[in-house]
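Keep the viewer open while reading.

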Amino acid sequence: MPTVAGLIALVFVISHLIPADPVALIAGDTASEEHKAAIRALYGFDKPVHVQLGNYYLQLLRGDLGKSLFTSRPVAEDLFARLPATIELTLAAMLLAVLVGIPFGVLSALRRNSAFDHAVRLVSVSGLAIASFWLGLMLQWLFAMQLGWTPLRGRIEGFPPPGATGLLSVDALLAGDLAAFGSALWHLALPTVTLGFPALATVVRFTRAGVLETMQSAAVQYQRSMGIPASVIVWKYILRGALTSTVTQIGLLFGILLGGAIVIETVFDWPGIGNYAFNAILQSDYNAVMGFTLYAGVVFIGVNLLVDLVHAVIDPREAR
Amino acid sequence: MSEAVRELPGGETLLAVQDLRVSFATEQGQARVLDGVNFDIGRGEVVGLVGESGCGKTTLARAILGVLPANAASIDAGSILFRGEPLLTLPVEYVADTIRGRRITFIPQDPFASFNPLFRVASQIDELMKWKSPRAEAGRRHGLWSLFARYPRARRAADRASVVDLLRKVQIPQPESAIAKLPHEFSGGQRQRLMIAMSLLPDPDLIIADEPTTALDVTIQAQILKLLRALVKERGISVLFTTHDMGTAHEICDRITVMYAGQEMETAPTAEFFARPAHPYTAKLLESLPRPGHEIQEIGGEIPALIDAPGGCRFHPRCDRASEVCARERPPARAVGHAHTVRCHHPLVALES
Amino acid sequence: MKAFIDLLRKLARDRSALLGLVIILALIVAAIFAPVLATHPDAAWEMNPVNRLLAPDATYWLGTDRMGADVFSRVLFGARITLVIAIIAVGASLLIGVPIGLLAGWYGNWPGDVLMRTSDIFLAVPQIVLAIAIAQTLGPSIENVILALSLTYWPWFTRLVYAETRALKNEVFIESSIALGVPPWRIIVLHVLPNVASPIIVRTSIGMGFTILTAAALGFLGLGAQPPTPEWGRMISESREFLPEAWWYVLSPGIAIFLVVLGFNLLGDGLRDILDPRIRRAKNV
């Protein structure tokens, strides 16, 4: 909680104190003097700093993130409308990273220094060195433009299925509309791979390291010495240990995904909050960018809190 | 106290290690950790393997169990016969399934670290019983299929009853509720008792106890040792007991073998061992034990690096009695008394002719 | 000095770290000698619309961009910009973050708490989000990108140094120094700093990689260098509309980024393997 308050203060500092003339930023360069004066009064820039900060807190408590200069709608509303798209993409990428990353990490550790291990390590090191937006473009070029296997952009062909969640693939499935479901999945494919790749690389690294370390532990040695079947030792006991450390990393992963979403959504024209932020930047839509920053920060903090909770549950030692 | 006697194929000798040579690959070269070790354990015997750190006793224990690290260690020569079967040449799957955790069980040195901290004790014992209970069939599931093997309900109840029964014998209070706890909720001594129980549950022929009391408080050590000895004698189980502490060896062992730098030096029944040591190293070890009224005697010199170990008898650089034959030839095992053999060119006790 | 040579020797044994080092050296050479190595040193900045979007050939090794400038030369000059941004940003983060970490770890209690809370706030948001906010506010330019990156990366150093300093403070040799009346700054500089040097070095190398990626992302979003400055991220952004035909336009800067970041990551990993004793033990078993 204090972190959130601090974050708000930081955003306030960035948006109100750093700019030489915040009014000009908000009103735009071509605004007239009276317009600027009106804005000054409206936003309270003539009041002392601590009053401004206080007002800012109050404003945020009301859920008011200001109005978008471009759409003239409340920023909060805009963000909320676009949220499901980003959630769908982020979840898909997270699933990819975890469901593919963990087994590969485990196998890589078990077959240490084999050709397989070297290949996996090569891929995971590369995953952290590739600029994700570039990867997205290259995948688009290859799979959408050259091979024509996947669609180029957007979320779905035709009309989106009616649905509660806003996650088009889920909605399509729930509505029994298999054509829409397929379309949604194909559209998800490239963005998910692009977004998930660095996260996948991270998961593989951490899982591999975790398994290697656990393999040396006395507990595993004991089970080996007592002839417990190797696959049971690996997939039941070692994996559990590796999972606890992966869970801790999920907070980090989420940060990667959230940050990556901005550029990825831009590349694939994915109508989520990242795309919104990008357009806001292009249009110098000041409030929108600040609103997004705050929003992203709060979400990130929230996820990390959640991860801490889950970790406490999974690892009974912490509960002591 | 009644002592059980087990019927064993292969006669009186349960375990025979013959001329075992094991080396480890290290950055500096090959370390010859075991240099032709000969060693045996008879029916119902508690045999102690005594030596300083690095003498190879843990490696020997692991070699018998078959859990040497495959990428670092290599067995260069020798054989291990268990109940007449050559362990080193049997199929690995067979050994892991039928012998390890069933005929030969293990008590680790560190009861703190040997339990998986994330799982309750009951579930860890159950896992063991699922595969290694005397009621379990041997040699059925292999590979990944073991993940899907189920623990038959009918057996569970009977197994659980055996477990609770044995836990009482090792003096764990209220066993049924105790095992629902996590490992860190037990004290060190209690954890070692659990380990002892787990080593007995599969009804093995041989227990390998690797320095089982080193990590425990001195006051608890004696208790644990007495308990272990009583339980194995009751069941006629043999024990290979490794330690660097002569005192504990004296407490629990019927026979003691001394090792130095990967070579066994002397073997004798316990009383004889302490009364009439034949090997200079043994004598020095005994002298270095703290005694009231005597100054502590050191053994001069250092344990050799095993990459470039001395030739012949590896103790010769530190031995007062060494001569040039000691550097050249490793002495063969010769009798100096009843069941008392020594490998020395200049033993302290006259050889039997 | 001897320790440094020893380090280099150990590094040489690790093939991937060596590769990383080679790549980085290549980057530095490319950056310094760009005017000499470039095939068209002037064309990187001039506009020559007649030659726009030519495929790679003997004259234009990596083709030309939308302005007719030689992509190869632009990539080389881009190396300068990338290197400058990375060095200054990470350097500034170091200079901000390390002293804060030292002070917070040394004095502890509420000053330490306040400082760490502050750094937590900066860490609460993914770096790129905060960097966007700052760069947007200040206006798009390379300087502002550097500023934004420095202001968002310093907490990584602070956390590192804080933990180590606190741990060291309890060490006996430090306690005795305090008891002898040695002034804190002396202890910090002479005793604490050398001990935290290793993690800092590792973090610096890895930080260079991350910074370059984030800087490229900011460039891609239009917040960094302005045309015609050849910044890699920006070049990729420009190339978008000319896909799929002008593949060389998007491929070259991307591969450049990949190689450079890979270099820093490999080097950082290699350094970590050498300098962190815990990892070393696990690796040898």
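What follows goes from chain A to the A–C interface, then to chain C and chain B.

This is a predicted model: local features need pLDDT of at least 70, side-chain atom pairs count only at pLDDT 80 or more, and totals for chains, interfaces and linings use all residues. Residues are numbered from 1 along each chain as its sequence is written, while chains are lettered from A and ligands numbered from 1 in the order in which they are written.

Start with chain A. It has 13 helices and zero strands. Helices (H or I, at least four residues) and strands (E, at least two) are DSSP runs, numbered from the N terminus. Of the 320 residues of chain A, 45% count as buried. A residue is buried if 20 or more other C-beta atoms lie within 10 Å of its own, exposed if 12 or fewer, and partly exposed in between, with C-beta atoms placed from the backbone. Two residues are in contact if their C-beta atoms, placed from the backbone, lie within 7 Å. Among chain A contacts between residues at least 6 apart in sequence, 69% join residues at least 24 apart.

Now the interface. Here 39 residues of chain C are in contact with 40 residues of chain A. On the chain C side, the elements giving two or more residues are α5 (109–124), α6 (127–138), α9 (184–220) and α11 (247–275). Of these, α6(C) gives the most, with ten residues. The chain C side divides into 29 nonpolar, seven polar and three charged residues. Ala, Val, Leu, Ile, Met, Phe, Trp, Tyr, Cys and Pro count as nonpolar, Asp, Glu, Lys and Arg as charged, and the others, Gly among them, as polar.

Stay in chain C for a helix pair. Two packed helices are described by the angle between their axes and the distance between the axes. The axes of α2 (residues 15–32) and α4 (residues 71–107) of chain C come within 7 Å and cross at roughly 110°. Axes are lines fitted to C-alpha atoms, for helices over the stretch in contact, and angles run from 0 to 180 degrees between N-to-C directions. The pair α2(C) and α4(C) is therefore roughly perpendicular (65 to 115 degrees). C:Leu27, C:Ile28, C:Ala30 and C:Ala31 in α2(C) meet C:Leu76, C:Ala79, C:Arg80 and C:Leu83 in α4(C). Seven residues of this contact are nonpolar, none polar and one charged.

Chain B brings a sheet. Four strands form an open sheet in the order β2-β1-β4-β5, with antiparallel pairing. Two strands pair if DSSP finds at least two bridges between them. The edge strands β2 (29–42) and β5 (85–86) of chain B each pair on one side only. Two bridges join β4 (residues 73–82) of chain B to β5(B). B:Leu81 stands opposite B:Pro86 in β5(B).

Strand β2 of chain B holds B:Ile41. B:Ile41 is buried, with 25 other C-beta atoms within 10 Å. Beyond its neighbours within four places in sequence, B:Ile41 is in contact with residues including B:Leu14, B:Val47 and B:Leu240.

End with helix α6 (residues 188–200) of chain B. Its 13 residues reach 19 Å from first C-alpha to last, close to the 18 Å expected at 1.5 Å a residue. Eleven of the 13 residues of α6(B) are buried, so α6(B) is largely enclosed by the rest of the structure. What covers the buried residues of α6(B) includes β6 (104–107), α3 (121–132), α4 (153–169), β7 (206–210) and α7 (218–235) of chain B.

How values were computed: The expected span of a helix is 1.5 Å times one less than its number of residues. Angles under 35 degrees count as roughly parallel, over 145 as roughly antiparallel, 65 to 115 as roughly perpendicular and the rest as oblique.
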